[in-house]
Amino acid sequence: MAARLVPVAFPSGDDLTAAYRRLSAAYQQALCYAEDVKRLYQQLQRAIYQSLLGLANALEAKDAYTRGHSERVGAASRSVAVALGLPPHEAGIVGQAGLLHDIGKIGVPEAVLRKRGELDDTEWALMRKHPLIGAQIVSPFEFFAAGALTIRHHHERLDGSGYPDGLAGEAIPVGARIVAVADVYDALTSDRPYRAALPREAALEYLARQAGRTLDGRVVAVFVELAGARPSADPHVGARPALAARHPATPR
């Protein structure tokens, strides 16, 4: 029995043209929706970041000794990241993490933050929680995952002597190694309740001595090179006595 051929109706040229136009219009509309979503997401990111920055600024506003510290660390960290060849987006995250690196100190008692003498063991235990607290504050935001790691590990040291996790060498995220150098330098060249500022050159010499020991040698080299290209931002740096031997050189 011969198979029966069922006639198939093919669309006419006009129908094909109309279908193509509808498909093209739908595609363009989807692109517009995607751009709108992207723009809204970026606006949300900026709003969240500004809120976090407001918390950091509120913390610094309570303490004249650290006012401007986070801004300087953030700017220096981004400059070093760019000089090291990190992609622009990654360098931006490093700079933002530098701005927010001490946000966890909002969970440290003010009496500990502003203590003029050395911290005892209990006070140090409280102080050493601030990288963890800071990482916990920013960790809910997926877009800032790398920044959260940088904040968590900015007090790690190349030889494993840092905190909170005792990471060493390349196990420390590169962003954290960058922020660590900027943080140490700015802390050394700023007056703190527990000691006076070091002269700028003495602080750079300290970084050089720690290069390859507690601080990343390549990061230190780039930081020192960049620091040599511009004068100190603080005209008072160097006008105070050097560190007293009984006070720690590294930042709290």
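**Helix pair α6 and α7**

I started with helix α6 (residues 130–138) and helix α7 (residues 145–153), which pack at an angle of about 170° with their axes 7 Å apart. For my own reference, helices (H or I, at least four residues) and strands (E, at least two) are DSSP runs, numbered from the N terminus. Axes are lines fitted to C-alpha atoms, for helices over the stretch in contact, and angles run from 0 to 180 degrees between N-to-C directions. So α6 and α7 are roughly antiparallel to each other (under 35 degrees is roughly parallel, over 145 roughly antiparallel, 65 to 115 roughly perpendicular, the rest oblique).

I then listed who touches whom: P131, L132, G134, A135 and V138 of α6 against A148, I151 and R152 of α7, with contact meaning heavy atoms within 4.5 Å. By class that gives 6 nonpolar, 1 polar and 1 charged (Ala, Val, Leu, Ile, Met, Phe, Trp, Tyr, Cys and Pro are nonpolar, Asp, Glu, Lys and Arg charged, the others, Gly among them, polar).

**Ground rules**

I have to keep in mind that this is a predicted model, where local features need pLDDT of at least 70 and side-chain atom pairs count only at pLDDT 80 or more, while totals for chains, interfaces and linings use all residues. Residues are numbered from 1 along each chain as its sequence is written, and side-chain values use heavy atoms, with hydrogens and water left out.

**Whole chain**

I count 10 helices and 0 strands in the protein chain. Of its 252 residues, 40% are buried (under 20% relative accessible area; exposed is over 50%, partly exposed in between, with a 1.4 Å probe and protein chains only). I also checked contacts between residues at least 6 apart in sequence: 66% of them join residues at least 24 apart.

**Helix α9**

Which residues of α9 are buried? In α9 (residues 200–210) I find R200, A203, L204, Y206, L207 and Q210. They sit on the same side of α9, because they cover an arc of only 155° around the axis (taken from the directions from the helix axis to the C-beta atoms). I note the general rule: an α-helix has 3.6 residues a turn, so residues three or four places apart point the same way. The buried residues of α9 pack against α8 (174–188) and α10 (217–228).

For α9 and α10, the axes come within 10 Å and cross at roughly 160°. That makes α9 roughly antiparallel to α10, and the crossing is left-handed. On the α9 side I have R200, L204, L207 and A208, which meet V220, F223, V224, A227 and G228 in α10. The classes here are 7 nonpolar, 1 polar and 1 charged. After α9 comes G212, with a positive phi near 80°.

E201 is in α9 and counts as partly exposed, at 47% relative accessibility. Its C-alpha atom is 9.4 Å from that of T189, 12 residues apart along the chain.

Leaving aside neighbours within four places in sequence, I see E123 in contact with V112, K115 and E118.

Methods:
Left-handed = near helix turned anticlockwise from the far one by under 90°.
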